[in-house]
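Okay, hi everyone. I've got one structure for you today, so let me put it up on the screen.

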Amino acid sequence: DFKNKIAFSEYSRPGKKRVMATLHPIANTPWLIVLEVSRQKILEAANRFIRWIIIVGLILTISGILIAWLMSRSITQPLEKLTVATSAIAAGHYNGSVEINRRDELGKLARAFNAMASQVNASRQNLEKKVQERTEQLEKANKELEAFSYSVSHDLRAPLRAIDGYAAILKEDYAPALDPEANRIADKITNNAKMMGRLIDDLIAFSKMGSKEIMDKPVDMNKLVGTCLTELLPPEMKNKYQLHIKSLPRCHGDENLLKQVWLNLISNALKYSSRKPLPFIEIGWTITSQGPAYYVKDNGVGFDMQYKDKLFGVFQRLHSTKEFEGTGIGLALARRIIRRHNGDIWGESTAGQGAIFYITLPAVLIDVFENNHA
């Protein structure tokens, strides 16, 4: 079978390594020549080549990784500097810059960033200068306004006292000689002089409110409302009104200023419901869309909601002095106080069916709410 063929085979010799053999037949004889070669020697060159390929591949791979790392560092380091500088500007440090001396896109970006940072810093300094100038001007204007208020108070009070005094002398010394109309006019003079005095006091209080420092401390609203009711309602008048006073949550703020707010709101409720057969006033608190809110509710004459924007304006009155006395500053002063506490105040009503005024204060402690829903 092997006469015209060359056969290859691989096998192991006893005690020897594997060998590869080839058979060559001898022509015209039944003999075969077996040529054996060690498999290790045959594959030695191939193995040596593979080892070199692996070594060269590893060297190229490591070199590629190193080159890629160096290239990435050349990009990420400038970006890190830009990130640090941007964070510094966001934190309010506007003097920082990025030192990147390159001619590529990152260098252009760094130069543009430095130009932007310089402009922002210049704008900030300019803005701070303008704010300082405006603050100084505002302080000066406030001082001038305060001096003007005191001047007006002093200059107007003297003639008012004179008018009131002369009207009193006229009533006291010449009342029998005056007819009823003259006596009525004398009373009008006295009443209007007193009203002008109250108006001056209210204007001064309103003008001082902008510069008055707010004292932030816990305020017991239940005690404060009780004090206001005691001052506004003498004992003989308490039976005239149906009072419903609910438990109120505490808050933080200026107790004296908040007392002025309660006095204005409660006195308005008493005044505008006084002509009802059964005047009703409720003081409490509730949860509104703006958060916890105190409220004062009455069943008085109310007001038309289309004029609600006039409620808190200085000298803006929805009822004439013939109907209800007042200076038209109480609600304006109340709003100014509440806004100084970062709160809000608003009113809701239907004409002839009473009104309700709400007060929100951010620092309200809703312990009553938690106890009621525990």
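I'll go through the sheet, then the helices on it, then the aromatic pairs.

Quick housekeeping: this is a predicted model, where local features need pLDDT of at least 70, side-chain atom pairs count only at pLDDT 80 or more, and totals for chains, interfaces and linings use all residues. Residues are numbered from 1 along each chain as its sequence is written, and side-chain values use heavy atoms, with hydrogens and water left out.

We've got 5 strands in an open sheet, order 5-7-8-10-9, with mixed pairing. Strands here are DSSP E runs of at least two residues, helices are H or I runs of at least four, and both are numbered from the N terminus. Two strands pair if DSSP finds at least two bridges between them. Strand 5 (242-245) and strand 9 (344-349) sit at the edges with a single partner strand each, so one side of each has no neighbour in the sheet. The twist averages 20° from one strand to the next; for angles, axes are lines fitted to C-alpha atoms, for helices over the stretch in contact, and the range is 0 to 180 degrees between N-to-C directions.

Look at strand 7 (residues 280-288) and strand 8 (residues 291-298): they pair antiparallel over 8 bridges. Ile-281 stands opposite Asp-298 in strand 8.

Now, what lies across the sheet? Helix 6 (residues 255-273) lies across strands 7, 8, 9 and 10, at about 35° to strand 8. Helix 7 (residues 330-340) lies across strand 9 and strand 10, at about 140° to strand 9.

On to the rings. There are 3 aromatic pairs in the structure. Rings of Phe, Tyr and Trp (its six-membered ring) pair if their centres lie within 6.5 Å; planes under 30 degrees apart are stacked, over 60 edge-to-face, and the rest tilted. Trp-262 and Tyr-294 make an edge-to-face pair, 5.9 Å centre to centre with 75° between the planes. That pair links helix 6 to strand 8, 32 residues apart. Trp-262 counts as buried at 1% relative accessibility, where buried means under 20% relative accessible area, exposed over 50%, and partly exposed in between (1.4 Å probe, protein chains only). Tyr-294 is buried too, at 1%.

Then Trp-346 and Tyr-358 are stacked, 5.2 Å centre to centre with 25° between the planes. Trp-346 is in strand 9 and Tyr-358 in strand 10, so this pair ties together parts 12 residues apart in sequence. Ring pairs also link Tyr-295 with Trp-346 and Tyr-358 into a cluster.

Terms used:
Contact = heavy atoms within 4.5 Å.
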